Amino acid sequence: MTAIETALLAGPDETVEVSPRGRRTLTRYLLGRIGQGVFVLWAAFTLTFALLYLLPSDPVSIMLNIGDSGSFADPEQAAALRAEYGFDRPVIVQYWQQLTGVLQLDLGESIRTGRAVTAEVLAALPPTLVLAGSALLLAVILGVGVAFLAAYTQRDGLRRALLMFPPLGVSLPTFWIGLMLLQIFSFELGWVPAVGNAGLSTLVLPMVTLAIPTAAAIAQVLARSLFSVSRQPYVQTAHAKGLPRTRVYGHHVLRNAALPVLTVLGTSVGGLLAGSVVTETVFSRPGLGRLTQTSVGAQDIPVVQGIVLFSAVVFVVVNLVVDLLYPVLDPRISVHDGSRRSV
Amino acid sequence: MTSTVPRERTGTVSPAPATPPSRAQRRVRPATVRRQVGLALAILVVLVAVGWALRPAWFTGYDPIIGVPLDKLQAPSWNHWFGTDHLGRDIFSRMVHGTATSLRTSLLAVAFGLVVGCLLGVVAGYAGGWASDAIMRVVDVLLAIPSLLLSLVIVTVLGYGTLDVAIAVGLGAVATFARLVRAEVVRVRRSAYVEASVGVGTRWPVVLIRHVVPNSSGPVLALAALEIGAAILAVSALSFLGYGSPLPAPEWGSLVAEGRNYLASAWWLTTLPGLVVVALVLAVNRIGRAVGREWGDR
C-alpha cells in the first residue's frame, strides 16, 4: 500500500524528454538499468549481511541452542563450530566468502535442516508461485473491473458504491480477510476444505485473500487515472463527435489511463510475496511464506537471507520489465538515458 | 500527476480547471455534506481509539488478563460486548487494553520513518549530486525488499519489543518518505521565491526552514496520515505472526491469532477485534485523504 500511496502523492520526480531516439540510446538505457538493478541486489546482500551477521545475535549460539533445547554447549564445541562456519575469521573475509558464494548461487546451508539454502527456497517456491500468480491475475481482473465500471457508469449511486470498495480493501488486514473467508466458506457453508494444498478447492480462499489488497490498490490508482483522463479535451471531442460511450471509454480513456497500473503491478509483486507469509500461515499452506515464518522463528539466518535476496531479485527483474514495457505501450514516452520513466 | 510542468504554490486558491466542470463536479453540495459526515465519523473513531489507549479503565471494567473460567467462550451479549475467550476473559476489555501497545508501536514506527525519511529526503533534495544519488540508491534497496520481509529480518535480529517492532515497521516507510520529501524539496527549490530568497543572500538553513519546509510539509503530512494506517496493519500482522508483546499481554494482532483455534465455534474471537482494526485503519486513511486534499495540492 505504501508504495502505491507514494505513487499517488508524489507523482513523477523526473520529466521525460519526448523526442525520437535511436537504438543506441535504448541499449545504453538498458545497460544502465541493469547496472542499477545489479547494484540494488549487491546493496540488498550487503544490507542483510550487515543486519544478520554483525548485530549482537550470534549465529553459533543460535545453532547450539537449537539442537537440544536450552542445553548450553561448552566453549570448545562453540569454537569448533565457529571455525567450521568461518565465524572466527575477520568480518571482511566472511563477507567476501559469502559474496563469492552468492555469485555462484551458493547461499550456505540452513541452520535448521542442514540442507542447502537454494534447495530449500526452490522446494518452497512452486506452491507460492501458483498462489501469488493466480492472486495477481484475480487482482487485475477485480481491480480493473471495479475502476472501469465506476468510471464508465452514468449512475451516481452505482459509482459511489463501487468507489467505496478500494479504500475498504486497502484497510483490511490480510490475516483477517483470510480468517473471515475461512469462517464463512469453510466452517459455516462447508464449501471448501479449511487447510492444505490439494488442488483448486484449497487454492480459492488463499487466492482471494491475497488478491484483495492488490486489487484495491489497482482499483484506486486506475480509478483516479480514469477520472483524470476522462476530463481531457480529446475525450470530450470523442463524445462530441458521437462515438458510443463504450468506444470512448474502452478505447480512448482506458488505454490512456492504464499505464499507472503497470507501476502498481511492479510494486505489488513484493507485496504479494510478503502477503504470502501471512496467507500461507492462515491457511497452513506450504510455500515460501511458511518457510519464511519458520526460518524467522528458528532464527535460521542463512535461509532468511536467501529469501530476502530472492525477493529482491524478483522485485528488480519485474520492475526492469515494467520500465521496459512503458515505452512499448506508450509511444509518447521515450527512454531518457539513466533516468526513471514517468508518465 | 500527469503534468510535467513544474508546479508552483501560488496561495490558497488552487488553479481553475482548464475544462468546464462536469456534471459530477457542479453538484458539489450533497457530496460535500457526505464528505463532512464521513470525516466527522472518522475523527470520532480515532478519538475513541485514542481514549482506549490513554484511559482503558474508563471504557471497560473487566480485567484483560485474568478471566472468569465459568464464563468461558460466551457469545457477545450486553455484559460482554465482544464475548469471552477460552479462559473467560472479556474480549472487548482485551481489545481496549491492547490499544495502547498497538497504537504506540504504530505511531513510533511512522515517527521513525518520518524522521529518517525526511532527513534523507531533505539532504538528497538539497545537496543534489552524488549525495542525492547515493541516498536514492539506498532508498531503492529499501523499496526492493518487501516491507514485511524487512520487518521480519529486523525482528529476527533485534527482538520483539515495542521499539524493535516499531523500527522494523518504520524502516519500510523510510523509503516512501525519503522519495516524497526529495521530490518536494526539489520542486520548492526550483520555485521563483526560493531563487529570489537565495538571490538576496539568505543563508541556506534559513531558506530551508522558512521556505522549503513549510511549502513541502502538506504532502508529507498527508503521507504520514496514510502511513499510520499502513503501520497499524503491519504491526498487527507482525503481532498476528507472533512477533509482538509476549502472550498474556493483549495486542490487536495476537488477539486475532488466539481466536484462530476457535474459528468454527466462536466467531466473535476473530471477527470483532478484526472489525475494530478495520474501522480504525479506514478512519485514519479517511483523515489522511482529507489532509491530502486540504494541503496536499495534488
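User: In chain A, what percentage of the contacts with a separation of 6 or more comes from residues 24 or more positions apart?
Analyst: This is a predicted model, and the contacts are those found in its coordinates. Among chain A contacts with a separation of 6 or more, those between residues 24 or more positions apart make up 73%.

User: How many helices and how many strands does the secondary structure of chain A come to?
Analyst: Read from the N terminus, the elements of chain A are written α-α-α-α-α-α-α-α-α-α-α-α-α-α. The totals for chain A are 14 helices and 0 strands.

User: What share of the residues of chain A counts as buried?
Analyst: A residue is taken as buried under 20% relative accessible area. Chain A has 343 residues, and the buried share is 47%.

User: Which element of chain A has the lowest mean pLDDT, and which the highest?
Analyst: For chain A as a whole the mean pLDDT is 80, with 81% of residues at 70 or more. Among its elements, the highest mean, 92, belongs to helix α6 (residues 117-152), and the lowest, 42, to helix α1 (residues 2-10).

User: How many contacts beyond near neighbours in sequence does the stretch of residues 337-343 of chain A have in the model?
Analyst: Residues 67-71 of chain A have pLDDT below 50, and that stretch has 3 contacts beyond near neighbours in sequence. Where pLDDT is low, predicted coordinates should not be read in detail. Residues 337-343 of chain A also have pLDDT below 50, and their contacts beyond near neighbours in sequence number 24.

User: Are helices α12 and α14 of chain A roughly parallel or roughly antiparallel?
Analyst: A pair of packed helices is described by the distance and the angle between the axes. The axes of α12 (residues 259-282) and α14 (residues 301-329) of chain A come within 9 Å and cross at roughly 170°. Angles over 145 degrees count as roughly antiparallel. Therefore α12(A) and α14(A) are roughly antiparallel.

User: How many nonpolar, polar and charged residues does the contact of α12(A) with α14(A) have?
Analyst: From α12(A) the contact includes A:Leu259, A:Pro260 and A:Leu273, and from α14(A) it includes A:Phe315, A:Asn319 and A:Tyr326. By class, the contact has 12 nonpolar, 5 polar and no charged residues.

User: Which residues does A:Ser225 touch, not counting those up to four places away in sequence?
Analyst: A:Ser225 is part of helix α9 (residues 200-230) of chain A. Its relative accessible area is 10%, so A:Ser225 is buried. With those sequence neighbours left out, A:Ser225 touches A:Ala257 and A:Pro260.

User: Which residues of chain B are in contact with A:Thr281?
Analyst: A:Thr281 sits in helix α12 of chain A. With 13% relative accessibility, A:Thr281 counts as buried. Leaving aside neighbours within four places in sequence, its contacts include A:Ser276, A:Arg290 and A:Gln293, and from chain B they are B:Leu241 and B:Arg260.

User: How many of the 28 residues of α10(B) are buried?
Analyst: Helix α10 (residues 268-295) of chain B reaches 40 Å from its first C-alpha to its last, close to the 40 Å expected at 1.5 Å a residue. The helix is largely enclosed by the rest of the structure, because its buried residues number 20 of 28.

User: Which residues is B:Ala283 in contact with, leaving aside neighbours within four places in sequence?
Analyst: B:Ala283 lies in helix α10 of chain B. Its relative accessibility is 5%, so B:Ala283 counts as buried. Beyond those neighbours, B:Ala283 is in contact with B:Ala42, B:Val45 and B:Val46.

Conventions. Residues numbered from 1 in each chain as written. Chains lettered and ligands numbered in written order. Predicted model: local features only at pLDDT ≥ 70, side-chain atom pairs only at ≥ 80, totals over all residues. Heavy atoms only, no water. Helix = DSSP H or I, 4+ residues; strand = E, 2+ residues; numbered from the N terminus. Buried < 20%, exposed > 50% of the residue type's maximum accessible area, 1.4 Å probe, protein only. Contact = heavy atoms within 4.5 Å. Expected span 1.5 Å × (residues − 1). Axes fitted to C-alpha atoms, helices over the stretch in contact; angles between N-to-C directions. Parallel < 35°, antiparallel > 145°, perpendicular 65-115°, else oblique. Nonpolar A, V, L, I, M, F, W, Y, C, P; charged D, E, K, R; others polar. pLDDT = per-residue confidence, 0-100.
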